[in-house]
There are 2 protein chains.
Amino acid sequence: MLILRREEIQKRIDWDHAIDALKEGFKAASAGKVSMPPVGYLGFPEADGDCHIKYGHMEGDPLFVIKVSTGFYRNVETALPSSNGLSIVFSAKTGEPVALLQDEGWLTDLRTGLAGAIATQIMCRKDAFRVGIVGTGTQGRLQLRALRHILKDRNLEIQVWGRSPEKIAAYRADMATFGIDVCEAASLEQLCRTSDIIITTTPSKAPLLQAAWIKPGTHITAVGADAPGKQELAVQLVGRANAIMVDSRPQCTDHGEIATAVAMKAVDPAECLEIGEVLNAGGLLSRQESDITIADLTGLAVQDIAIAKVALATVTVTG
Amino acid sequence: MLILRREEIQKRIDWDHAIDALKEGFKAASAGKVSMPPVGYLGFPEADGDCHIKYGHMEGDPLFVIKVSTGFYRNVETALPSSNGLSIVFSAKTGEPVALLQDEGWLTDLRTGLAGAIATQIMCRKDAFRVGIVGTGTQGRLQLRALRHILKDRNLEIQVWGRSPEKIAAYRADMATFGIDVCEAASLEQLCRTSDIIITTTPSKAPLLQAAWIKPGTHITAVGADAPGKQELAVQLVGRANAIMVDSRPQCTDHGEIATAVAMKAVDPAECLEIGEVLNAGGLLSRQESDITIADLTGLAVQDIAIAKVALATVTVTG
């Protein structure tokens with residue numbers, strides 16, 4: 001059993017390979033070629049923690065993957081990261097464990113960032129360049145880095161909004177080390193009114209973005225809502241969208257950004273396209289200049305499979 | 001993260017400690033003090049394989065455990081063991097991975113064997129000594145070794161039945177290395193008619209043991225049925241039992257030995273005691289000499305938690 005630590009895994013991942021692998025994964029998922037049982041969940045209310053188990057198998061794949069991610073939100077008190085995790089890769093021919101990826105949650109962070117950028121590239125206007133990042137955490141960082149990677153031909157203008165001035169300053173400093181210049185937004189409303197692309201990355205349980213703030217032509221990618229009760233966008237805003245793309249209709253309807261809007265019948269899930277369906281149809285989404293579009297990503301086991309396989313790409317698998 | 005291989009784990013497990021830990025686990029489970037979500041499952045029909053994920057957390061425990069077990073039944077063609085597996089132990093305070101137990105399924109085999117012996121000791125007659133083992137595989141071996149350990153004061157007479165003469169010979173030779181003398185049963189019927197305790201350990205999908213073969217006073221522990229469709233005991237036999245004990249009412253009703261009998265209304269699950277309930281009430285089951293009793297064990301995540309903790313007992317856990 002190969003055991004790889006975070007640093008080794010990071011060296012092995014080429015972002016372009018990962019993007020291709022994630023696209024193939026989404027395509028296979030929407031084509032019904034991925035076995036992805038419901039996400040396993042354990043809650044630890046006393047420690048303000050939770051654990052999610054995502055696992056699955058792509059048809060014909062010699063490997064399958066079980067990904068465990070934990071979020072323990074009181075860790076900040078002791079300067080520990082709140083997120084952690086690992087993946088275990090097994091042979092789908094013999095059941096033998098093949099590899100343990102001790103990535104400490106980094107693969108999940110990366111695949112989430114890259115998937116957001118893939119979705120944004122599909123849905124946003126071809127001339128969109130003003131980017132607003134909502135949230136100053138790990139996903140605020142990775143969504144921006146991934147978007148800049150995937151839209152490398154555009155001259156992006158970037159602003160960020162967060163609740164904490166210290167975290168905004170740290171975010172801007174951190175992005176500067178990657179050569180990314182980020183302005184601080186005057187307010188969340190101002191960010192919304194002046195962005196072509198908005199990426200929301202917060203664990204908010206109350207809608208942050210209001211419908212009236214969003215101008216025609218805006219694309220929003222929302223990645224914060226990944227569990228029941230989380231919501232970043234007002235229901236009116238979701239209801240007003242001309243097109244909604246999700247990673248998984250059942251999962252987003254259950255606990256994604258669109259869940260409340262679907263429950264309130266402001267959105268018909270049957271009209272939401274899956275990202276894999278769009279990719280299977282050529283990867284282009286026809287949109288009007290003035291359309292408001294939303295991508296709602298909750299994270300799929302197939303992404304964990306895809307990214308784990310990229311990490312193992314140079315490894316010969318027995319079995 | 002501590003990484004232990006099978007040989008190291010085997011050295012760390014004291015059977016008496018494991019028995020105590022399993023009993024405490026069953027007690028906590030039946031007292032509603034263990035979070036045990038439904039078992040995760042992936043099937044690999046092309047490889048005749050499956051994967052089960054059992055996971056959970058005992059109230060107040062600083063650790064939680066995710067156990068993965070695989071069964072790939074075509075492995076025998078290449079002399080690989082069909083079973084494999086591992087456990088990952090996490091801190092329930094910080095979400096950090098604490099240990100990987102690369103036991104290759106041995107901990108599952110052992111906790112299943114020990115649980116069978118615990119159940120048999122609770123339910124069988126105090127003068128029961130004639131033991132019939134049905135099946136010559138790993139559980140046929142471990143159930144017997146565990147029963148002999150737990151009933152060390154009785155002079156057991158043991159017979160075994162299986163379909164393959166070669167496997168019976170190998171079983172008897174293997175048990176002889178542990179100082180256990182085992183006779184070959186003339187037939188399964190003969191084994192049933194002459195045993196006080198019958199342990200069934202096969203993956204049979206058709207009932208093997210018929211009601212007419214079981215004499216009054218017999219206790220049967222059935223551990224083979226651990227997935228939908230598996231069944232070792234005739235429904236009439238299950239219906240005839242004077243007492244049935246299960247590890248988990250919901251799990252056994254869903255896919256244990258009693259599942260078919262419950263579906264056919266031959267058994268009322270409300271009348272089946274859980275092993276943890278019996279242990280919480282003092283661990284004694286009042287029985288008539290002539291009662292036929294059945295224990296149906298499907299395997300609980302709390303057993304995986306308990307046995308993993310025994311393997312880690314000498315390890316100081318941070319977090």
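Before pairing anything up, I noted the rule: two strands pair if DSSP finds at least two bridges between them. I also kept in mind that this is a predicted model.

**Entry: the sheet in chain B.** I traced an open sheet of 8 strands in chain B, with parallel pairing, in the order S10-S9-S8-S11-S12-S15-S13-S14. S10 (182-184) and S14 (273-274) of chain B sit at the edges with a single partner strand each, so one side of each has no neighbour in the sheet.

Then I picked one pair: S8 (residues 130-134) and S11 (residues 197-200) of chain B run parallel over 4 bridges. Which residue in S11(B) is the bridge partner of B:Val131? I found B:Ile197.

I also saw helix H5 (residues 165-176) of chain B lying across S9 (157-161) and S10 of that chain, at about 165° to S10(B).

**Entry: two helices in chain A.** I checked H2 (residues 15-30) against H11 (residues 301-311) of chain A: they pack at about 145°, with axes 9 Å apart. Their crossing is right-handed. Among the residues that meet there are A:Leu22 and A:Phe26 from H2(A), and A:Ile305 and A:Val310 from H11(A). By class, I got 11 nonpolar, 3 polar and 2 charged residues for this contact.

**Entry: where the chains touch.** I counted 34 residues from chain B and 34 from chain A in the contact. On the chain B side, S5(B) gives the most, with 6 residues. That side divides into 21 nonpolar, 11 polar and 2 charged residues.

Note on methods:
Residues numbered from 1 in each chain as written. Chains lettered and ligands numbered in written order. Predicted model: local features only at pLDDT ≥ 70, side-chain atom pairs only at ≥ 80, totals over all residues. Contact = placed C-beta atoms within 7 Å. Axes fitted to C-alpha atoms, helices over the stretch in contact; angles between N-to-C directions. Left-handed = near helix turned anticlockwise from the far one by under 90°. Nonpolar A, V, L, I, M, F, W, Y, C, P; charged D, E, K, R; others polar.
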